[in-house]
Structure formats: C-alpha cells, structure tokens
Amino acid sequence: MTDEMGSHGTRWGIYTGMYKGGIFQFTFAINNNFPHEPPKVKCTQKIYHPNIDLEGNVCLNILREDWKPVLNLNAVMVGLQVGRFLLLRAESGRRWR
C-alpha cells in the first residue's frame, strides 16, 4: 500500500539566462497528508542548479520549513517562476500528463 495520492507534472521552456532554450520537466508527488505536508517536487532532467540536488529534488523553503496547509500546487509553481528559480517566465508554462 502506498500513501501517495498521485503524481502530476509540468514542463517549462526557458527564454533567458544560462538555461535559455532548455525545457525542464518537474513532477509533483502528492501524498495522503496533503495539504498538511508539502508535495515532493523533482526535476526529471539532470541539471546543475543550487536548488536541485543530484536526485533532482527541488529545494524551496515553501517545500520544507515554510510549508503551510493554506498553500497549494499553484503556490509551488509560482515559487518556481516568480522566485527566479530557473529564470522561468509565466507565459512559457505548459501542462503535460
């Protein structure tokens, strides 16, 4: 038995900075304790970035100590975009399944 509710993903194209031209996919694993526990977010491609570990786990404060049950997946995606995590642009977002 698994306590994972589901896994969802999104893909972004990047138009500026050192990752220009790259397309990166992120998965969001959501367990049964969501929203009381944050989702686990991973980048599926190998990338050198200070906020992504060698296994692709994304490190954002809102995914760890700053998580609050009032946050949702949209807040995480905004954190990836607005926080200049990978210099993402909101207009470049695309959904995938």
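Guide: Let us begin with P39, which is placed in the loop between strand 2 and strand 3. Please bear in mind throughout that this is a predicted model.

Visitor: Is P39 buried or exposed?

Guide: The relative accessible area decides the matter, and a residue under 20% counts as buried. P39 has a relative accessible area of 3%, so P39 is buried.

Visitor: Which residues does P39 touch, leaving aside those up to four places away in sequence?

Guide: P39 touches A29, I30, F34, L63, W67, L73 and V76. Take L73 from that list: P39 and L73 are 34 residues apart in sequence, yet their C-alpha atoms are 7.9 Å apart in space.

Visitor: How many aromatic pairs are there?

Guide: The count comes to 1 aromatic pair. The rings of F34 and W67 have centres 6.0 Å apart. Planes under 30 degrees apart would count as stacked and those over 60 as edge-to-face; here the planes stand at 40°, so the pair is tilted. F34 belongs to the loop between strand 2 and strand 3, and W67 to the loop between strand 3 and helix 1, so that the pair links parts of the chain 33 residues apart.

Visitor: Are F34 and W67 buried or partly exposed?

Guide: The two are to be read separately. F34 has a relative accessible area of 23%, so F34 is partly exposed. W67, with a relative accessible area of 10%, is buried.

Visitor: What is the peptide bond from F34 to P35, cis or trans?

Guide: As a general idea, most peptide bonds are trans. The bond from F34 to P35 is cis, with omega near 15°. P35 lies in the loop between strand 2 and strand 3.

Visitor: How should I read the nonpolar core?

Guide: In soluble globular proteins, nonpolar side chains tend to be buried together. Here the largest nonpolar core has 16 residues, of which F24, F26, F28, V41 and V58 touch the most other members. Strand 2 (23-31), strand 3 (40-43) and helix 1 (73-82) each supply at least two residues of this core.

Visitor: In what order do the elements run?

Guide: The protein has 1 helix and 4 strands. From the N terminus on, the order is β-β-β-α-β.

Visitor: What may be said of the protein as a whole?

Guide: Of its 97 residues, 34% count as buried. The accessible surface comes to about 6300 Å², and 54% of that surface belongs to carbon and sulfur atoms. Among contacts with a separation of 6 or more, 49% come from residues 24 or more positions apart.

Technical notes. Residues are numbered from 1 along each chain as its sequence is written. This is a predicted model: local features need pLDDT of at least 70, side-chain atom pairs count only at pLDDT 80 or more; totals for chains, interfaces and linings use all residues. Side-chain values use heavy atoms; hydrogens and water are left out. A nonpolar core is a set of buried Ala, Val, Leu, Ile, Met, Phe, Trp, Tyr and Cys residues joined through side-chain atoms within 4.5 Å. Buried means under 20% relative accessible area, exposed over 50%, partly exposed in between (1.4 Å probe, protein chains only). Rings of Phe, Tyr and Trp (its six-membered ring) pair if their centres lie within 6.5 Å; planes under 30 degrees apart count as stacked, over 60 as edge-to-face and the rest as tilted. Contact means heavy atoms within 4.5 Å. Accessible areas come from the Shrake-Rupley method with a 1.4 Å probe; for residues, only the protein chains shown count as cover.
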